[in-house]
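Hi,

Here is the model I said I would pass on.

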Amino acid sequence: MICLVLAAFMAAGTAAPPLAAAAKKKGTKLSSKVKTKGSYFDYRKIKGLSKPKFSHDDIVRESFEVPMSTPDPNVPGEVNLYVEVVRPKKMAKNPTILELSPYHGTLADRSGARVFPGPKYEGARPAYLDTPEADKTLGLAGYFAPRGYSVVFADLRGTGKSGGCLDHLGPRDLADSKELIDWIAKQPWSNGRVGMTGHSYVGSTPSMAAAENPKALKTIVPSAGLASMYHHKFQMGVPYFLQWVGPAEAYEQLAIERYLLPQLGDEYGDSFGENVEWFGCGAPNSAVVTGDAFASGQYVDWDAERDHEKGAIKSKIPVFAVHGTHDNAARIPALSWFHKRKRSYDKAWIGQWDHGSNLYPNDRTCPQHVGAACQNDQWTVALHAWFDKILAQRKVKTGPKVEIFLNNKTVYQPKRWPPKRKNVKLFLGAEGVLSTTFAEEETSDMYVADAQGENDAFATGNLQYQTEPLKKGVLLAGIPKMLLNASVVSPKRTTHIIPTMYDVPPEGDPIPISKGTFAINPELRDGIETITPVVPAEKMVLKMPGMAQAHYVPKGHRILLLIASSHPDKVATFAEGVATVYEGGAALKSSHVTLPVIKRATVKKDTYVR
């Protein structure tokens, strides 16, 4: 029966049915009043920051095996975490920075260069940095230790030189993070005030630790991190390209590669000959054990054990969150926990960068202080000021609470993230209309889905809805939402629905407003914890939170909504079939997108030079 219905729909192609006369209701005006005044906050002008008081010859690196009280059920024996500390030789109770990472000894050294690549060190390589990467950068260790900080590099269990089994930010990692921070606070080289930072997976361990509220953890600075492993894999059940396999295979491979011979490459061999009894024992903790949920995207017990969002939201620890709206690895929905905190003492940078940003954590980063390539490093000083204020308790400024770096080279500085906004609804209408008015008469259109959108979002069967050219520019800042009335007929159990928003200039290609926008496995329309079977051709109400936006759409541009079933940001696991979209009808139930429109804003000119 399903195949017969599918064949009939495919024979019909993507043509829209005849349209009845559609009465329309007046909607909300789509526009922003934006004024540009002054320049952005220049972090290089902050006064009172700690200065280098120790030469690189006065810095030492020492290692520890720190026993953890939480046993590992897969392999018997005591679990020790491997820890290296870079600090001034002269013993003192220093403010302390922790990087808790699975990458030490394989993809990264223990210098903290991924989250903090600058400034470049022009002299001979310090003895305490004994890796080839040290010739290029000093990272957290080389920058903060001379300024009187102790910098701690710890390997997550099952990674680097630590014992135990890879836990994918599970309950044992959670317990370890608190126990490790408690241990650090008691050491003679720590003043009992610990801060955490890191990028990507290493930017996820801070929010995990914050969920446990260790007394000594005074702040976290997560860069492109997450607080729930679910957001690493899925957007409403639709798998993210590449990162989907990380918790299933890639991280376990990383845990195994630490045992390989050093001769196979500079990135291997950190743990060759050590902790061999733990070889491969993290496999039972991988996402593969979730079975069918790994295909459907259903939120199951494995995800719940690795979901630290509630604790991170409740935590009173000050957070400086850094994330890009075009991040192609840790998509910005991973920052949803921070959206809900609404703490007056938190700080946020939201910008246009992707995950790699040319191997720097964000586009405010400069790897050099010298040379013509870049003389305007903002990230180095921003992080320095934040740690100086909270960990060293110096009286220094830390800049605006929120800085949203827009696509038009301006900076919006609201008092909070997400900012105060006007929710404006854009309704889907017949013949590809997208407007603030809705039609009382319901119409529909359809498309034939396929996997071609994995390479080009516009190369697959799709529907497109566009606004008229904007009479005024529109500033979008916050989290959009969508209500879509749709049905699918699929040769499989379902067909994914992936709506994406674009800024369309009068000439040239459409510009993505964020990495993606919306996505849903229709089986999860009643919530990501519940599988509700899809009935072929039966209309469904699909509610979707979107990816955060930080984008200015200029006057004369259009806003485009592309609806398809495959997209370069996603894996096309359920991309075949026919999808029908229903437009019009009752206002509150009509298919629409709710945009976070900033009605009035004063923005700063962004004179940042890289």
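Predicted model: local features only at pLDDT ≥ 70, side-chain atom pairs only at ≥ 80, totals over all residues.

Residues are numbered from 1 along each chain as its sequence is written, and side-chain values use heavy atoms, with hydrogens and water left out.

Salt bridges (a side-chain nitrogen of Lys or Arg within 4 Å of a carboxyl oxygen of Asp or Glu) come to 20. One of them joins Lys233 and Asp303, with the closest N and O atoms 2.8 Å apart. That pair links distant parts of the chain, 70 residues apart: Lys233 is in helix α5 (residues 230-233) and Asp303 in helix α8 (residues 301-305). Helices here are DSSP runs of H or I, at least four residues, and strands are runs of E, at least two, numbered from the N terminus. Lys233 is buried at 1% relative accessible area, and Asp303 is buried at 0%. (Buried is under 20%, exposed over 50%, partly exposed in between, using a 1.4 Å probe and protein chains only.)

Lys347 and Glu403 also pair up, at 3.6 Å from N to O. Lys347 sits in strand β12 (residues 347-351) and Glu403 in β13 (residues 402-405), so this bridge ties together parts 56 residues apart in sequence. Lys347 is buried at 2%, and Glu403 is buried at 0%. There's a salt-bridge network too, made up of Asp167, Arg172, Glu305 and Arg306.

Next, helix α4 (residues 205-212): seven of its eight residues are buried. Those buried residues pack against several elements, including β5 (94-101), α3 (171-185) and β7 (190-199). Just after α4, Asn213 has a positive phi of about 50 degrees.

Over in strand β28 (residues 592-598) you'll find Thr594, which is buried at 7% relative accessibility. Leaving aside neighbours within four places in sequence, Thr594 contacts (heavy atoms within 4.5 Å) Asn423, Val424, Lys425, Pro480 and Lys481.

On the surface, Lys471 is exposed at 75% and lies in the loop between β19 (463-466) and β20 (474-478). Lys471 is one of the residues in a positive patch, along with Lys29, Lys33, Lys422, Lys472, Lys599 and Arg600. Patch members have over 30% relative accessible area and no salt bridge, with like charges joined within 9 Å and nonpolar side chains (Val, Leu, Ile, Met, Phe, Trp, Tyr) within 5 Å.

Cheers

Conventions: Areas by Shrake-Rupley, 256 points an atom, 1.4 Å probe, with all protein chains shown as cover. Lys, Arg positive; Asp, Glu negative; His and termini not counted. Charge placed at Lys NZ, Arg CZ, Asp CG, Glu CD.
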